[in-house]
Amino acid sequence: MSSTASHLDACENCTTALQGDFCHHCGQSAHSPVRSFGHAIEEVFESFWHLDGRIFRTLRQLLLPGRLAADYLAGHRTRYIPPIRLFVIVAVLTFFVARLAVHVDAGTFVDKTPAPPEVATAFKDARTSEEVEKARRAHIAPLETARATMPESMRFTMDRAIAKIEKQAAKRNEELAGLPAPTPSATPTPTTPPPRETDAPRGYTPVDIDFLPDFANRWLTGQAEIIRLNLPRISERPQLLVNAFFASVPSALFVLVPLFALLLKLFYLGSGRLYLEHLVVALYSHAFLCVALLGILLLTMLAGQMPDVPVVGTLIGLAIGVLLTWMPIYLLIMQRRVYGQSWLVTSIKFIALGWLYFTVVTTATVFLAIASLARI
């Protein structure tokens, strides 16, 4: 074989004599991208389109219930993206889009978790002490109600807000009377005095769960204190909590997916399949769920761009409903196709497995939401 600037007679990696475009010993290409600019560009585009083609082929098969998992477990792997890589790609993409698509209205959130309000304008408009008192009661009443429903360790924000209103009311009374006036006391003030900013860390109640070791209770106590201090920020910018939650979901899935594979192993002990084979099924199952969720998020974003077109909104709502209905049906058909048991046995196992895993996911979601509060 003749040597050129970009095609060699011997493999540069293992020195084996070349008999084609690739080394039959190590598989390296006979074309050297560092010797030819044209081959360097060709290699970049070839790698991109090759990967791209595999992604589209893999996704096309993924949309057919159980087809991709059965094909991969049967040994037909070279045409598809490996399951772990596919899962990582779609999970990261899905929850990145979720952070863009899901927005929380700060005003609505603050109504539910009041933050220290700016009410100086209301007192400024008051012309008599009676009007000041009326405005003070109107602003304090909902805060008192919210405070009564909160745990003792989380009343710090409400106490600060109430103290701020009392101070503004007293200041306005001073302006009206031209001399210092006592703070109005028609509405009972909180029994717990508003702590100073430096005293805030002393206001929490240590977590003490009997069945947990001391180090776990200490860790939970620290997390609870961080959450308490974060509440004012969340009240002002609730989107921080949404972003932190969705950023944590892919990491949580790396624990949940192997757990789901373990449940499959337990439910199909007689199937003769190894744990790693169940893990492949679990990865493809969750990859499909991520793709379906991504579709729902994109449809929701599309509906938000056309709020004044009722027909489009109706069609998008119908499409989202179809996707939500198809998700459990897809998983049932996939389970039936991969494991080959009767519809009756598959349905019973699917319901039991689904209920158990749903309980685990719900618990994980609650803990993830709490952990997200401490990460902001």
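Where pLDDT is low, the predicted coordinates should not be read in detail. This is a predicted model: local features need pLDDT of at least 70, side-chain atom pairs count only at pLDDT 80 or more, and totals for chains, interfaces and linings use all residues. Residues are numbered from 1 along each chain as its sequence is written, and side-chain values use heavy atoms, leaving out hydrogens and water.

**Figure 1. Confidence from helix to helix.** Helices here are DSSP runs (H or I, at least four residues), numbered from the N terminus. Mean confidence is highest in helix 2, at 91, and lowest in helix 4 (residues 106–112), at 45. For the protein, the mean pLDDT is 75, with 69% of residues reaching 70 or more.

**Figure 2. The largest nonpolar core.** A nonpolar core is a set of buried (under 20% relative accessible area, 1.4 Å probe, protein chains only) Ala, Val, Leu, Ile, Met, Phe, Trp, Tyr and Cys residues joined through side-chain atoms within 4.5 Å. Among the 51 members here, L62, L86, L264 and Y284 touch the most others. Helix 10 (275–305) is one of the helices that each supply at least two residues, and its 13 residues are the largest share.

**Figure 3. Around L264.** Leaving aside neighbours within four places in sequence, L264 is in contact with H278, V281, A282, Y339 and L353.

Definitions and conventions. Buried < 20%, exposed > 50% of the residue type's maximum accessible area, 1.4 Å probe, protein only. Contact = heavy atoms within 4.5 Å. pLDDT = per-residue confidence, 0-100.
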